[in-house]
Amino acid sequence: MVNVIGSRTVNDSTKPTVSISVAAPQDAMPAAREPRIRTDKVNVWYGEKHALFDVTVDIPDRAVMAFIGPSGCGKSTFLRCINRMNDTIDSARVEGSITLDGKDIYDPDLDVVELRARVGMVFQKPNPFPKSIFENVAYGPRIHGLARHKTDVEAIVVSSLKKAGLFEEVKDRLDEPGTGLSGGQQQRLCIARTIAVSPDVILMDEPCSALDPIATARVEELIDELRENYTIIIVTHSMQQAARVSQRTSFFHLGVMVETGPTDQIFTNPKDKRTQDYITGRFG
Amino acid sequence: MTSPSDAAISAGIWSTPEAQASRRRRKRGDLVLQGLGIGAISLAVGLLGLLLVSLGYLGYRAFVQTMVTLDFPVSTERVDAANPAAGNYRLVIRDALVAQFPEVTSTGDLRDLNAILTNNAQFMVRDAVIADPSVIGGTIRLSLPASDQFDQLNKNNVPRDVPETQRRISDQQILWFDTLAERGAVSTPFNWGLIFNADSRFPELAGLAGAIVGTFYAILVCFLISFPVGIAAAIYLEEFAPRNRFTDIVEVNINNLAAVPSVVFGLLGLAVFLNFFGLPRSAPLVGGMVLALMTLPTMIIVTRAALKAVPPSIREAALGMGASKHQMILHHVLPLSMPGILTGTIIGLAHALGETAPLLLIGMNAFITSPPGGLLDASTTLPTQIFIWADSPERGFLARTAAGILVLLAFLVVMNALAIFLRQRLERRW
């Protein structure tokens, strides 16, 4: 896979760099492409508590979709439905339909292990395994049997680290523990670990909320590069971040998906009063 | 809004006599609480110190043994070179003693003289001669343990100034022994027999070898059963079991089992392992199984705590990568909780090591004079050996009981130190 997108990589001066405006250009919106993921009337309960009400959103292929909204609005809950991470919570119950490439992911016949390989996830707090950097990235390909030989594993590790923009920084210390990296590097390691199994979709749950501004900028650049090849859904607290990295945005409030649209339009011309109040900082 | 007068009033509030008295009271409260804490710790440390000092005082005598070194004339008329095992070694010993005291001739006096050496001296000389037959016809110099009464005499546990009738050894015997001592034949080296001998009726020969080997076997069996079973049960309860009434009952009962008196487990072992399954009495196998039953609840509780301590982010990371549940547990959660599990295991085994009551019920307090050769041989363990010795009337067992306790404590200290070492070494900070 070739990175055709212009990057804002600061430490790579040999590459011709193209500066990118805050939001991706409108014409880059792949409106013609079929949505990768469709959701229809998704409801989630945690025990008695109804957490998500009739969420219906289409998620475009090879673009960044942002979910924004105040704390507790259900955006993370919805994200975790897409790779069925809510299954791990005993009291959680999901209704409605979510399809990936036209297939229902809550189909009882579907193997959740395969689903989670196809829909990778990056968490709020960087959570590398307490193993070496190499082992962190090699873990996914190993358990999914993607690489039979040592050389194959090495090739996957190197290419994943390169795609995550981490290879140059860690190439001399692949044997050192992943937990010894800085926060931003750890988060990029988690991204490398996720893309090592060649997922179709990458879910990111507030991936920069534990990072400092410089590390955040680096991860945002990376997200921008990755959208060429992956469908990315990012949950974020920061409206600026949503504006910077996403092409489409959904605004969630109190468990309801209030409004979805091109990022430009959500931020400049929201249709719903609640969206407007949130954008302008009246609550949240 | 705070006006100057408000400030003055508030400053006044803090400096009234009542306020000062209240502050003093509060400070006194702190001091009292601190004092109580220091007092409690001093009491605990003091009692522990007292225990160790008294054990050391009683036990140190058992760590040395009075030995008598003599030249034993192995004449051909006493021992046939063709068949050294059949020799008359009682007479060899008598010859050696008479050589020291030629004036002793009467049978009674000879018996009294003989009593200086341990009862088993003839077998020790025999073994030495069989090991080296070239000494037949010459003499062999051996250090043999003095019998318990003379051991105690040498260790000043027998009063010399009371009338002869109130002692078990006569003035004449004391004189002989002192003469031997003057001639340099009496020594008190470190008592290796305490570690390398098995139990004996004679205190000077009794050692802990049988108990140590028996303890090793029993703890090994206990570990082999309780470690895997405990981990498997804990993993199921912590990672797989649904939260319902049944698992609640299981959980409550495991916690209750941890508090059941150990003697009850002994009764269970007696009824089930010995009477129902017909396993041999006094065997380390059964002892280990009983101890495993006793350790299991602790093991499960400790393992569950260790599993719980693994942060959820690691589980999410593994599941998010598409690892299945068993991969998540075996690749990530279990290795990360291993230090905690091992620490708990060692503490649990240390607890089992010191357990006496359940082992008494399955007969591990038998009198066994050789270390067990396997899991099914009769044997004792350290605590039951201490129990047996504490029950014995001979003076020498008093010191040996204390010494046995010290050896047991040494094992416990080593195991706890190992647990601390493992915890410090392997513990991971997140």
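**Reading the helices**

Tutor: Let's start with a crossing: α13(B) passes α14(B) in a right-handed crossing. The contact (heavy atoms within 4.5 Å) is made by residues including B:I314 and B:A318 of α13(B) and B:M328 and B:H332 of α14(B). This is a predicted model, where local features need pLDDT of at least 70, side-chain atom pairs count only at pLDDT 80 or more, and totals for chains, interfaces and linings use all residues. Residues are numbered from 1 along each chain as its sequence is written, chains are lettered from A and ligands numbered from 1 in the order in which they are written, and side-chain values use heavy atoms, leaving out hydrogens and water.

Student: What makes α13(B) roughly antiparallel to α14(B)?

Tutor: α13(B), residues 312-320, and α14(B) pack at an angle of about 160°, with axes 10 Å apart. Angles over 145 degrees count as roughly antiparallel, under 35 as roughly parallel, 65 to 115 as roughly perpendicular and the rest as oblique, so α13(B) is roughly antiparallel to α14(B).

Student: And why are α3(B) and α5(B) called roughly perpendicular?

Tutor: Their packing angle is about 100°, with axes 8 Å apart. That value falls in the perpendicular range, 65 to 115 degrees, so the two helices are roughly perpendicular to each other.

Student: How do you know that A:Q187 is buried?

Tutor: A:Q187 is found in helix α6 of chain A. Buried means under 20% relative accessible area (exposed is over 50%, partly exposed in between; 1.4 Å probe, protein chains only). A:Q187 has 0%, so A:Q187 is buried.

Technical notes:
Helices (H or I, at least four residues) and strands (E, at least two) are DSSP runs, numbered from the N terminus. Axes are lines fitted to C-alpha atoms, for helices over the stretch in contact, and angles run from 0 to 180 degrees between N-to-C directions. A crossing is left-handed if the near helix is turned anticlockwise from the far one by less than a right angle, and right-handed if clockwise.
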